Amino acid sequence: MAASRLPYPLTLTGDGIILREWRSDDLDDLVSMLDEPEIARWSPMPSPFDVEAGIAYLKRCYQNRVGGRRIQLAITTDGSRPLGEVTLFGVDHGLKEAELGYLVDARERRRGLASSALSLLSAYAQSSLQLGRLLLRIDSRNVGSTAVARHCGYRLTGEPPILQEGPYGSSRLDTWELVERQADSRRDRLRNVAARRYGRRT
Ligand SMILES: CC(C)(COP(=O)(O)OP(=O)(O)OC[C@H]1O[C@@H](n2cnc3c(N)ncnc32)[C@H](O)[C@@H]1OP(=O)(O)O)[C@@H](O)C(=O)NCCC(=O)NCCS
């Protein structure tokens with residue numbers, strides 16, 4: 001149904017980040033980013049992730065984007081070099097729910113990129129796509145990812161873990177749900193600065 005296709009192309013701009021479509025000339029950056037042990041451990045990427053895997057990945061990404069099936073955007077600070085990826089997939093327009101995922105280049109971690117990207121795409125999913133239930137599925141041993149989830153206002157739902165077998169053994173994916181509304185982060189921050197300055201509560 002045309003109305004349920006996700007928008008393409010899309011660029012989302014937040015505080016210090018720009019989420020943009022993947023491009024074919026991102027291939028070298030994509031391969032060097034995804035051929036990495038933590039990504040192999042915690043995501044379903046093929047490992048080793050070589051040029052052939054990269055070409056297939058960008059092709060599948062493009063097909064999913066033009067088909068409007070998922071949103072899959074490169075995380076950048078200025079629209080140029082990709083530093084990570086954030087994804088929205090598994091959309092159920094009837095239930096108004098979707099799942100999100102993220103990863104960041106090993107050389108660019110711990111500078112807030114995953115949390116900024118997740119907050120920005122979550123806010124867009126709530127406000128522009130009218131998706132009311134946003135979910136993450138995370139192995140409880142993935143401390144980096146659970147920290148990002150918590151930081152962005154996601155909380156454990158208490159649903160039974162989803163068991164998966166992979167090359168690193170079994171994993172138990174907990175379900176996290178966004179419980180705080182993600183407002184426009186810049187407007188929110190400005191309101192909070194004003195509140196701190198003038199003693200108002202927002
Ligand atoms: C998980 C991952 C996306 C985090 O990306 P990041 O850009 O480094 O995360 P951020 O800088 O936004 O960190 C947000 C919070 O998480 C914390 N955090 C990030 N990585 C952490 C780690 N390895 N251990 C403990 N805390 C961590 C940060 O300190 C920060 O905490 P704060 O809010 O208290 O300051 C990245 O490590 C990664 O790509 N891992 C491999 C792929 C993966 O696991 N993807 C998720 C699959 S569910």
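The model is predicted, so local features are described only at pLDDT of at least 70 and side-chain atom pairs only at pLDDT 80 or more, while totals for chains, interfaces and linings use all residues. Residues are numbered from 1 along each chain as its sequence is written, and side-chain values use heavy atoms, with hydrogens and water left out.

Reader: How many aromatic pairs does the count come to?

Author: A pair of aromatic rings is described by the distance of the centres and the angle of the planes. Rings of Phe, Tyr and Trp (its six-membered ring) pair if their centres lie within 6.5 Å; planes under 30 degrees apart count as stacked, over 60 as edge-to-face and the rest as tilted. By this rule the count is two.

Reader: What is the class of the pair formed by the rings of Tyr 8 and Tyr 62?

Author: Tyr 8 belongs to the segment before strand 1 (12-13) and Tyr 62 to helix 3 (residues 51-66), so that the pair links parts of the chain 54 residues apart. Helices (H or I, at least four residues) and strands (E, at least two) are DSSP runs, numbered from the N terminus. The ring centres of Tyr 8 and Tyr 62 are 6.4 Å apart and the planes stand at 80°, so the pair is edge-to-face.

Reader: Is Tyr 8 buried or partly exposed?

Author: Buried means under 20% relative accessible area, exposed over 50%, and partly exposed in between (1.4 Å probe, protein chains only). Tyr 8 has a relative accessible area of 36%, and therefore counts as partly exposed.

Reader: What is the class of the pair formed by Phe 49 and Tyr 57?

Author: Both Phe 49 and Tyr 57 are buried. Their ring centres are 5.9 Å apart and their planes meet at 80°, so this pair is edge-to-face.

Reader: Over which ring does the charged end of Arg 41 sit?

Author: A charge sits over a ring if NZ of Lys or CZ of Arg is within 6 Å of the ring centre and within 35 degrees of the ring normal. The charged end of Arg 41 is 4.2 Å from the centre of the ring in question, which is that of Trp 42.

Reader: Within what arc do the buried residues of helix 3 fall?

Author: The buried residues of helix 3 are Ala 53, Gly 54, Tyr 57, Leu 58, Cys 61, Asn 64 and Arg 65. An α-helix has 3.6 residues a turn, so residues three or four places apart point the same way. The arc is that of the directions from the helix axis to the C-beta atoms. Seen down the axis of helix 3, the buried residues line one face of the helix, because they fall within an arc of 130°.

Reader: Which exposed residues does helix 3 carry on the face turned away from its buried side?

Author: The buried residues of helix 3 pack against strand 2 (18-21), helix 1 (27-34), strand 3 (71-76) and strand 4 (84-92). Contact here means heavy atoms within 4.5 Å. The face of helix 3 turned away from this buried side carries the exposed residues Glu 52 and Lys 59.

Reader: Which residues of helix 5 are exposed on its other side?

Author: In helix 5 (residues 143-151), the buried residues are Ser 145, Thr 146, Val 148 and Ala 149. They fall within an arc of 155° seen down the axis, so they line one face of helix 5. On the other side of helix 5, the exposed residues are Val 143 and His 151.

Reader: How many disulfides does the structure hold?

Author: Cys 61 is buried, with a relative accessible area of 4%, and Cys 152 counts as buried at 2%. A disulfide is a pair of cysteine sulfur atoms within 2.5 Å. The number of disulfides in the structure is zero.

Reader: What distance separates the C-alpha atoms of Gln 72 and Trp 22?

Author: Gln 72 lies in strand 3 and is buried, with a relative accessible area of 4%. Its contacts beyond four places in sequence include Trp 22, Tyr 57 and Cys 61. Gln 72 and Trp 22 are 50 residues apart along the chain, and their C-alpha atoms are separated by 7.7 Å.

Reader: What is the omega of the cis peptide bond from Ser 47 to Pro 48?

Author: Most residues other than glycine have a negative phi, and most peptide bonds are trans. The bond from Tyr 8 to Pro 9 is cis, with omega near -5°. Pro 48 is found in the loop between helix 2 (37-42) and helix 3. The bond from Ser 47 to Pro 48 is cis, with omega near 0°.
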